[in-house]
Amino acid sequence: MTSYIRHFRDIRLTSWLFILVGLLCLTPVISSPMALVLGFSLASLGWVPEQWPIATLTKKLLAYSIVGLGFGIQLQTAIAISLDNLGLILGSILFTLALGSLLTRLLKLDIKTGHLIACGTAICGGSAIAAVAPAVEARSEQTALALACVFILNSVALFVFPAIGHLLQLSQYEFGVWSAIAIHDTSSVVGAASAYGDEALTTATTIKLARALWIVPVALLSALAFGGSSRKIAVPYFILFYCAAIAMAQLFPQGEVWYQLAFGLSKRMLVLCLFLIGAGITARKMRANGPKPLLLGVLLWLAIGSGSLLYILYWH
């Protein structure tokens with residue numbers, strides 16, 4: 001009886017610790033990389049409450065946060081940035097998908113797993129994988145494997161990209177473009193860009209979500225290529241609400257104070273999202289994946305990261 005009571009107290013203690021760290025992520029004390037590391041550390045120690053639907057909570061919170069960011073972006077700026085980089089967005093998607101197909105065959109990797117990793121790299125990480133997986137009728141383990149690879153590389157990007165940006169003395173705009181093209185998930189793009197500066201954040205968010213619009217056509221083509229069902233495509237509706245938030249801020253400027261409040265709160269909520277994402281990654285999961293899927297993810301990431309950086313530095 002005593003052991004059960006002690007076990008119950010331990011569960012409550014870890015739950016309260018998890019909540020406390022999560023609340024701290026909503027304050028300026030915790031940066032984006034710190035939040036990810038804290039989540040990963042608690043997960044590795046087994047201090048993440050297993051009974052909580054963290055994955056579902058993260059997905060919803062991320063969608064709300066991105067919509068909130070729309071209130072801090074000017075419509076004219078969003079349109080200009082998207083049009084100026086349309087060629088880079090489309091070219092990077094096509095290049096990554098083609099290279100992913102080739103490398104999947106060279107590595108003799110499962111075709112659907114390779115395609116999911118390529119889609120996650122080409123468009124917007126976990127959101128693209130979640131949308132394409134049902135369209136190609138991927139098994140749960142194939143989807144989980146692709147998500148794990150993307151999340152690991154997202155974690156690395158949060159630390160590496162700002163350091164490289166400062167080393168190469170990239171401007172706010174240049175870093176925003178690069179991070180939006182070369183980092184997988186929207187949460188990590190926003191985390192890296194916000195650490196670099198406000199202009200980088202605006203640029204990165206705009207381009208990243210313009211890139212994310214390509215989820216639907218890519219999922220439709222994937223369904224045709226793999227003989228799946230186009231009816232099973234998960235449409236990311238939060239992108240439409242993000243656009244609506246930008247339009248609302250443009251049409252009703254008298255609410256500027258509230259828009260900035262929503263924008264600031266959304267940036268802090270994204271830090272919390274990174275903490276929750278980190279809580280879903282453990283060293284055991286990373287080892288269990290095997291080398292080939294992660295190798296594919298790394299090769300694609302290096303190709304799109306270095307290729308887009310060279311384009312931005314010399315031809316953009």
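**View 1. Phe 18, Leu 116, Phe 161, Phe 175, Trp 178 and Phe 275 touch the most other members of the largest nonpolar core, which has 93 residues.** A nonpolar core here is a set of buried Ala, Val, Leu, Ile, Met, Phe, Trp, Tyr and Cys residues joined through side-chain atoms within 4.5 Å. Buried means under 20% relative accessible area, exposed over 50%, and partly exposed in between (1.4 Å probe, protein chains only). Helix H14, residues 256-278, gives the most to this core, with 11 residues. Phe 275 is in contact (heavy atoms within 4.5 Å) with Phe 18, Val 21, Gly 22, Cys 25, Ala 35, Leu 36, Leu 38, Gly 39 and Leu 42, leaving aside its neighbours within four places in sequence. As a general point, nonpolar side chains tend to be buried together in soluble globular proteins.

A word on the model before moving on: it is predicted, with local features needing pLDDT of at least 70, side-chain atom pairs counting only at pLDDT 80 or more, and totals for chains, interfaces and linings using all residues. Residues are numbered from 1 along each chain as its sequence is written, and side-chain values use heavy atoms, with hydrogens and water left out.

**View 2. The whole protein has 16 helices and zero strands.** Helices (H or I, at least four residues) and strands (E, at least two) are DSSP runs, numbered from the N terminus. Of the 316 residues, 50% count as buried. Among contacts between residues at least 6 apart in sequence, 83% join residues at least 24 apart. The accessible surface comes to about 15400 Å², and 70% of this belongs to carbon and sulfur atoms; such areas come from the Shrake-Rupley method with a 1.4 Å probe, and for residues only the protein chains shown count as cover.

**View 3. Leu 167, Leu 168, Leu 310, Tyr 311, Leu 313, Tyr 314 and Trp 315 make a nonpolar surface patch of about 810 Å².** Patches are made of residues with over 30% relative accessible area and no salt bridge, with like charges joined within 9 Å and nonpolar side chains (Val, Leu, Ile, Met, Phe, Trp, Tyr) within 5 Å. Helix H16, residues 291-314, supplies the largest share of the patch, four residues. Leu 167 is found in helix H8, residues 140-167, and counts as exposed because its relative accessibility is 70%.

**View 4. Lys 267 forms a salt bridge with Asp 198, their closest N and O atoms being 3.5 Å apart.** The pair links distant parts of the chain, Lys 267 in helix H14 and Asp 198 in helix H11, 69 residues apart. A salt bridge is a side-chain nitrogen of Lys or Arg within 4 Å of a carboxyl oxygen of Asp or Glu, and by this rule the count comes to one. Lys 267 is partly exposed at 25% relative accessible area, while Asp 198 counts as exposed at 53%.

**View 5. Thr 206 lies in helix H11, residues 198-212.** With a relative accessibility of 4%, Thr 206 counts as buried. Not counting residues up to four places away in sequence, Thr 206 touches Ile 73, Ala 78, Ile 81, Ser 82 and Tyr 242.

**View 6. Lys 108 has a positive phi of about 55 degrees although it is not a glycine.** Lys 108 is found in the loop between helix H5 (86-106) and helix H6 (111-122), and is exposed, with a relative accessible area of 72%.
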